[in-house]
Amino acid sequence: MNAQQHPALELFVDLLAHPSPSSMERKLADRVCQHLQQWGYAPQRDGCGNVWVRLEGRTADGPLVCYAAHMDEIGLAVHAIEPDGRLRVSRSGGLFPWKLGETPVEILGDHATVIGVLSMGAGHGASGQAIDWANVRVLTGLTPAQLAEAGVRPGSLGVPLRSHCGPVLFGDPTDPLVAAWTFDDRMGVVTLLRLLKTLAEERRRPHCPALVAFTVQEEVGGMGAKVLAQRERPDVFIAIDGCPITPGAPLELDGRPGVWTRDRVAPYDPRLIADLCAAANAVGAALQPVAYDVSASDASMVFEVGAAQRIACFGQVRENSHGYEVARLAVFDNMLRTLLYFAEHWEG
């Protein structure tokens with residue numbers, strides 16, 4: 001199997017072609033809308049860039065459930081342009097320079113995209129000190145005037161060069177691993193798109209009324225989800241995101257998705273966790289519970305501002321979080337099967 005023969009990876013590759021650092025999700029949102037319209041949906045958009053569709057439930061008076069995945073990716077931000085055209089940069093979201101190394105990047109100017117390479121200095125005689133953003137420059141080969149013509153300025157955002165982003169299949173061909181630049185959170189977007197495609201093609205409906213949302217700026221504070229939830233007031237907010245294998249986390253890359261039980265912002269609803277686990281069991285999968293002392297999701301950040309009454313978060317278990325991430329290919333189908341069963345059977 002090559003990387004585009006699996007339906008989740010085929011859609012992932014399609015979406016990955018559209019860079020979407022936080023606050024610049026518009027092109028990816030356009031592509032999401034194209035898919036939704038192809039399947040007969042009429043997606044809605046708001047001023048901050050969120051996209052969503054509203055689904056009638058088989059029970060009209062059931063609780064309103066929002067299933068959400070964020071469209072933005074981590075990246076880097078230009079802080080200054082030096083006289084020789086080098087860019088001083090820092091992170092946008094939770095990106096560390098050692099996750100990238102000296103790699104090609106795309107700087108998304110207002111008028112054109114500029115290709116550059118991260119530079120961290122000579123390795124000869126280096127003492128092994130930790131690298132932070134103060135040690136990093138982006139070599140562009142352009143003058144400040146040429147950069148200005150492209151619309152590169154302080155605040156311009158950048159991401160790794162798309163041709164270097166994967167995905168790559170490797171390991172046991174009967175149960176492969178797959179790696180790519182941040183499944184976070186395009187694979188959540190992929191899962192929700194596959195859910196909507198299945199519902200449309202098979203004429204199926206969720207049990208409870210639902211919003212299926214694709215949010216913006218999660219990596220910089222859950223901004224889009226807060227706007228959406230404060231306006232729509234869902235009873236339940238479920239983030240479809242990843243489960244990073246942090247030090248000590250009891251997670252394995254074995255095809256089982258993970259389910260968050262708490263994070264640095266809030267605990268998650270124990271009844272929803274149990275119901276999601278039951279849905280996974282019903283389709284022959286299982287969820288791996290994990291508690292985080294760091295990280296946060298759209299769901300916990302929505303709960304923090306009082307915009308939903310009950311929250312949950314589940315998704316693919318992944319190694320190398322916020323870098324070139326690795327997951328078991330089987331996990332993406334298990335996410336879809338679990339979510340489809342939950343949406344069709346959960347009664348509130």
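Which residue forms a salt bridge with Arg256, and how far apart are the closest N and O atoms? The legends below take up this pair and several other sites in what is a predicted model.

**Figure 1. The salt bridge between Arg256 and Asp254.** The partner of Arg256 is Asp254, and the closest N and O atoms of the two residues are 2.7 Å apart. Arg256 is partly exposed, with a relative accessibility of 29%. Asp254 is likewise classed as partly exposed, at a relative accessible area of 33%. Elsewhere, salt bridges with shared partners link Asp46, Arg54, Arg231 and Glu232 into one network.

**Figure 2. The salt bridge between Arg31 and Asp14.** A search of the whole structure returns 23 salt bridges. In one of them, the side chains of Arg31 and Asp14 meet with an N to O distance of 2.9 Å. Because Arg31 belongs to helix α2 (residues 26-38) and Asp14 to helix α1 (residues 7-16), the pair ties together parts that are 17 residues apart in sequence. Arg31 counts as partly exposed, at 22% relative accessibility. Asp14 is also partly exposed, and its relative accessible area is 22%.

**Figure 3. The salt bridge between Glu82 and Arg137.** The closest N and O atoms of Glu82 and Arg137 lie 2.8 Å apart.

Figure 4. Leaving aside residues up to four places away in sequence, Arg194 touches His6, Pro7, Ala8 and Leu11, together with Phe332, Asp333 and Leu336.

**Figure 5. The cysteines Cys33 and Cys165.** The number of disulfides in the model is zero, with a cut-off of 2.5 Å between cysteine sulfur atoms. Cys33 accordingly takes part in no disulfide; the nearest cysteine sulfur belongs to Cys48 and is 13 Å away. Cys33 is buried, with a relative accessible area of 6%. Cys165 is buried as well, at 0% relative accessibility.

Methods: Residues are numbered from 1 along each chain as its sequence is written. This is a predicted model: local features need pLDDT of at least 70, side-chain atom pairs count only at pLDDT 80 or more; totals for chains, interfaces and linings use all residues. Side-chain values use heavy atoms; hydrogens and water are left out. Contact means heavy atoms within 4.5 Å. Buried means under 20% relative accessible area, exposed over 50%, partly exposed in between (1.4 Å probe, protein chains only). A salt bridge is a side-chain nitrogen of Lys or Arg within 4 Å of a carboxyl oxygen of Asp or Glu. Helices (H or I, at least four residues) and strands (E, at least two) are DSSP runs, numbered from the N terminus.
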